[in-house]
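Please consult the sequence and the structure alongside the text.

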Amino acid sequence: MLRFILLLLFFASNLALGKTNIAIIDDTHSSFNIGQSASYYIDESKTLDYDEISSDEYTKRFRPLARDYMQFGITKGNIWIRTEAAIQTSIPTPILLDISAPRLQELDLFLPNLFGGQIQAELGGARPYANLPIDGLSYAYPLPSNIPPIFTIYIKMSSHLPINANMELKTLSQASNDARNETLFTGLLIGVLITLFVSNVFFFVRTTRTMYLIYGGMLVSIAILHLTLHDLIAQLFPYHPGIQERVYNLAALGSLTAIVFFSRLYLDTKRHLPIMDKLLFFIGSSNAILSILFTLIPDKINIMILSASAVITLIILTFHAVYAFVKNVPYSSYYLTARIVLFTGHFAWILSVYGVIPSPLILEWGLTVTIILEALIHFTGMIAQTTPLLQKYAHRRGYSQAEMFDLLSDLSSRLRRQINVISGVLKQVNHVAKNADDGFYIQAGEMANQNVKSLIERVDVLTDIKDNKFHEQVTPLALTKLLDEAYEAFQLVDQDNTSLNIHSNNIERVEVLQNAPLIKHLIVVLAQEFKHFTDQPLNMNFIRHDINREGITMLEIECYPLPIRAYSHYSHFDLGLSYIKLIIEHLRGKLLETENDQDRIINIQVPIRVHLRQTTMQDHLSEPFDIVLFGQSDEDMQTAHFLTYKHSNKIEQFSELDALLGYFQNPDQRQSGSIILVFDNGGHIPHVTLQRLLPLMRDEDQCLLISKNVKMSLDYAQKLGFDDLLSSAEINDQLETRLIKLIQKGARFKSSPLSKIKALRKSP
């Protein structure tokens, strides 16, 4: 045991020695994060000066950092950073020491090789902004041109706030590019906030409801808060140290106060929840008092009180949202969604501030993006609340309903412009992301962006239904392809990894001639509204009935089991079930709610104009899928082999399980998916065979059980893990149809950005 411990220590020491111990800028590296080469020492007494800290006695006490992002939390004392650096460019290149440290109070820079123990820069929020050598580049210091090839850098940091810093050596061009990207993204976020603010002012002017004015004030506070995090407020007061911290405290607590009083008006808690209304009034007043104290005497109060006040306020607001939702307070569903988004985003941001989550991306951008998403959700709810008020106001002032829809159309176009900008910026940020972990947050932002696009599409559909100006469908669209496109569109907006099972019957060879985009949109909305937030799957059955002489058929859609939150009747119009009913009415369909085995089922019947296209099995089997038959050679297998021999790809047949498993080894190296036909013969147990086969299958692989047991149900076979079930007596009549269905299903999973997850398909 002792030898093992010594071996681990030896291995760790080798890793430590193997780390880069000098920051280098050369012709191939335009930036270097000195956190990988630097070491640090915390002077808790705050008495050591440069001469003492650079002596041999204290140099030995420095410990290596070995991380890009420096997070020390709240530290009592001075933090000294020491690193060796080298400039090895073939041509003279301006080099900067670029330090990004939001809300840092004091930062001193020493270059002993040139200036000895003299301080070269005194920066930080407690110092005048005019001390910055270069405006707009965080705490950037240009290194002198006569700097030695190898030199030492000492940095001293001190703050009564959490210390988070990112220090890099950069060329001037690299620093300019990074600053431009940061300014671009900041401008985008501020532009979205301004758009939302103008919209709130518009609604306030039209309805005279204080709720919109308060929420507009909260948006202004968040914009100011974001600017303070990026040291952009201090530029306005270059000779007033400490002003930025006061503005930050005022904006943070001011936004909390605004959102509390907004919540009281948004849900009308004075009427619906009077006890909770008194609690919210107390919380809002407390935050208002704290905002005054933290603005006047920020250095006299512990910053933890501000953070605790924010966390407690958001917890109470989240509880308020859940309680209002349980009590069925009008519009509480929008409010609950917004509260969950804000609570989750703010909690992650607080953890990044105090160093629990080491992510500069969340620290600098997370809170503002969260507030924007929350504002968009609130904005949707406020539109729903305001529609009756606008109609009354329009009637009083003589405005028509058409003009109200013009307002929604104009609002949709304005939001769409911002969404297009967000999409472009997310792509740009994705290119310049420095950490692999940042990709997760960028992907989440892109999906949220898709959801906002989906909401805008619903507003556009409302306007089109009112004007009855849907574009004519130019080309026919296969019903099977329509379902595939709807599934892929749902995957783009699904943020909960929802389990969705799609079943179809009698839809082959059918091409839709009219309203295909609207039907696809209806399917996506159905999946979004009725999906479960657990591992329970939502089943959607699509059944096509007989076609009459005029080419009209009935498409029946069944959704089950419905989640508890889905109600069949609403007292107001919303973008959920009421919106679904409006689309169905426009399509001249009908919607019924039934119950079966204690499961609620929504049954929708929509007439669609179609025609039949003559196709052969070979058209569908041209997909790159192999067919694999497993079982003993008998009459059923020979029949199946005869029916599939025209398949363009290869057909494999196995009678031994080991041979079958050997064929499926290394699933990542296979060039095509497989449709596996498992025959229930020869004495082997089908579900045991499947359990051993599942870890070797790819997402697009499908497995069909062909059984002689006429009592076996499809539901039971799917619980075992099979994708479909076929009776031996149905091979001649149904095998080709089932193969087409499985190949289409596998192709959908292969092309989908988010593959379906099955519980049984896990590696042991």
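Thr269 counts as buried because its relative accessibility is 0%; buried means under 20% relative accessible area, exposed over 50% and partly exposed in between, with a 1.4 Å probe and protein chains only. The model is predicted: local features need pLDDT of at least 70, side-chain atom pairs count only at pLDDT 80 or more, and totals for chains, interfaces and linings use all residues. Residues are numbered from 1 along each chain as its sequence is written, and side-chain values use heavy atoms, with hydrogens and water left out.

**Overall composition**

- The protein comprises 23 helices and 24 strands; helices (H or I, at least four residues) and strands (E, at least two) are DSSP runs, numbered from the N terminus.
- Of the 764 residues in the protein, 50% are buried.
- Among contacts with a separation of 6 or more, 75% join residues 24 or more positions apart; contact means heavy atoms within 4.5 Å.
- The protein exposes about 37200 Å², of which carbon and sulfur atoms supply 56%; accessible areas come from the Shrake-Rupley method with a 1.4 Å probe, and for residues only the protein chains shown count as cover.

- Thr269 belongs to helix 8 (residues 269-272).
- Leaving aside neighbours within four places in sequence, Thr269 contacts Ser263, Arg264, Pro274, Asp277, Leu280 and His320.
- Ile583 is part of helix 17 (residues 577-586) and is classed as buried because its relative accessibility is 0%.
- Not counting residues up to four places away in sequence, Ile583 touches Val461, Ile465, Leu518, His521 and Leu522.
- Ile583 and Leu518 are 65 residues apart along the chain, and their C-alpha atoms are separated by 8.1 Å.

**Nonpolar surface patch**

- Ile194, Phe197, Val198, Val201, Val205 and Val220 make up a nonpolar surface patch with about 470 Å² of accessible area together.
- Patches are made of residues with over 30% relative accessible area and no salt bridge, with like charges joined within 9 Å and nonpolar side chains (Val, Leu, Ile, Met, Phe, Trp, Tyr) within 5 Å; a salt bridge is a side-chain nitrogen of Lys or Arg within 4 Å of a carboxyl oxygen of Asp or Glu.
- Helix 5 (residues 172-207) contributes the largest share of this patch, five residues.
- Phe197 lies in helix 5 and counts as partly exposed because its relative accessibility is 31%.

**Aromatic pairs**

- The rings of Phe, Tyr and Trp (its six-membered ring) pair if their centres lie within 6.5 Å; planes under 30 degrees apart count as stacked, over 60 as edge-to-face and the rest as tilted.
- By this rule there are 16 aromatic pairs.
- Tyr50 and Phe110 form a stacked pair, at 5.3 Å centre to centre and 15° between the planes.
- This pair links distant parts of the chain, with Tyr50 in helix 2 (residues 50-53) and Phe110 in strand 8 (residues 106-110), 60 residues apart.
- Both Tyr50 and Phe110 are buried.
- Phe262 and Tyr266 form a tilted pair, at 5.2 Å centre to centre and 40° between the planes.
- Phe262 and Tyr266 are separated by about one helical turn because they are four residues apart in helix 7 (residues 243-266); both are buried.
- Ring pairs join Tyr41, Tyr50, Tyr58, Phe62, Trp80, Phe110 and Tyr154 into a cluster.

**Cysteines**

- The structure contains zero disulfides, a disulfide being a pair of cysteine sulfur atoms within 2.5 Å.
- Cys559 is buried, with a relative accessible area of 0%, and Cys703 counts as buried at 0% relative accessibility.
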